Amino acid sequence: MTRARLNIFIEPEHAKRLDQIAAHKGVSKSAVIAAALASFLSPDGEDQREAAIAKRLDRLSRQFDRLERDQNVLIETVALYVRYFLTVSIPVPEGQQEAARAQGRARYVQFIEQLARQIQRGRSLVREVHEDIGPAEADPTQADAQSGTDADAMEVPREPA
């Protein structure tokens, strides 16, 4: 079989990478280029590239669906809490407002500390909610990472002394 001789120009970083691959594989640069060109020109090559792209898009779609689901849980959680808080909160008398603000600041500090502990432990309230809902709704890719919860996973803030 006769081969055609070509003189081509490539970017310096491509030439360097070509040298590295040829040396690593123990073949000539011509063999590496011939294999790459055969793959690129192969009718199956386009199908393989399309399948790889479709696989990546499917993975991204699943990730986006999980993000959307988790965001909906968070939105509903905040909305329910706000409704509950506004329903059960009583107005604070004028003389007790400064004490109420101080208590609110202390509770906020406790909340931030608890949130930090939750995040540092790698726990996710959204994931716990999905686990409580049931295995059919839980995220199967994260099931092994969160196998069980501690009793202190959701600590109740205490009133400052």
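This report walks through the helices, salt bridges and surface patches of a predicted protein model.

## About the model

Because this is a predicted model, local features need pLDDT of at least 70 and side-chain atom pairs count only at pLDDT 80 or more, while totals for chains, interfaces and linings use all residues. Residues are numbered from 1 along each chain as its sequence is written, and side-chain values use heavy atoms, with hydrogens and water left out.

## Overall layout

Let's start with the whole protein. It has five helices and zero strands, which gives the pattern α-α-α-α-α along the sequence. Helices here are DSSP runs of H or I with at least four residues, strands are runs of E with at least two, and both are numbered from the N terminus.

Of the 161 residues, 10% count as buried. Buried means under 20% relative accessible area, exposed means over 50%, and partly exposed lies in between, using a 1.4 Å probe and protein chains only.

Four salt bridges are found in the structure. The term stands for a side-chain nitrogen of Lys or Arg within 4 Å of a carboxyl oxygen of Asp or Glu. In general, side chains of opposite charge can pair when their charged atoms come close.

One of these salt bridges joins Lys-29 and Asp-19, with 3.2 Å between the closest N and O atoms. Lys-29 belongs to helix 2 (residues 29-41) and Asp-19 to helix 1 (residues 12-25), so the pair ties together parts that are ten residues apart in sequence. Both partners are partly exposed: Lys-29 has 43% relative accessibility, and Asp-19 has 38%. Helix 2 also holds Val-32, which counts as buried at 17% relative accessibility. From C-alpha to C-alpha, Val-32 and Asp-19 are 9.5 Å apart in space, and they are 13 residues apart in sequence.

Helix 3 covers residues 43-88. For residues 50-77, an unreviewed UniProt entry lists a "coiled-coil region"; positions from UniProt are given in the numbering used here, feature names are shortened, and annotations may be inferred rather than shown by experiment. In the model, this stretch is 100% helix and 0% strand, with its end C-alpha atoms 40 Å apart. Elsewhere in the list of salt bridges, Arg-69 pairs with Asp-70 at 3.0 Å between the closest N and O atoms. Arg-69 is partly exposed at 23% relative accessible area, and Asp-70 is partly exposed at 22%.

Now for the surface. A patch of positive charge gathers Lys-55, Arg-56, Arg-59 and Arg-62. Arg-59 sits in helix 3 and is partly exposed at 42% relative accessibility. A nonpolar patch is formed by Val-78, Tyr-81, Val-82, Tyr-84, Phe-85, Leu-86 and Val-88, with about 730 Å² of accessible area together. Val-88, also in helix 3, is partly exposed at 45% relative accessible area.

Patches are made of residues with over 30% relative accessible area and no salt bridge, joining like charges within 9 Å and nonpolar side chains (Val, Leu, Ile, Met, Phe, Trp, Tyr) within 5 Å. Accessible areas come from the Shrake-Rupley method with a 1.4 Å probe, and for residues only the protein chains shown count as cover. Lys and Arg count as positive and Asp and Glu as negative, with His and the chain ends not counted. Each charge is placed at NZ of Lys, CZ of Arg, CG of Asp or CD of Glu.

Arg-101 and Glu-98 form a salt bridge, their closest N and O atoms being 3.5 Å apart. Both lie in helix 4 (residues 97-120), three residues apart, about one turn of the helix. Arg-101 is partly exposed at 45% relative accessibility. Through salt bridges that share partners, Glu-98, Arg-101 and Arg-105 are joined into one network.
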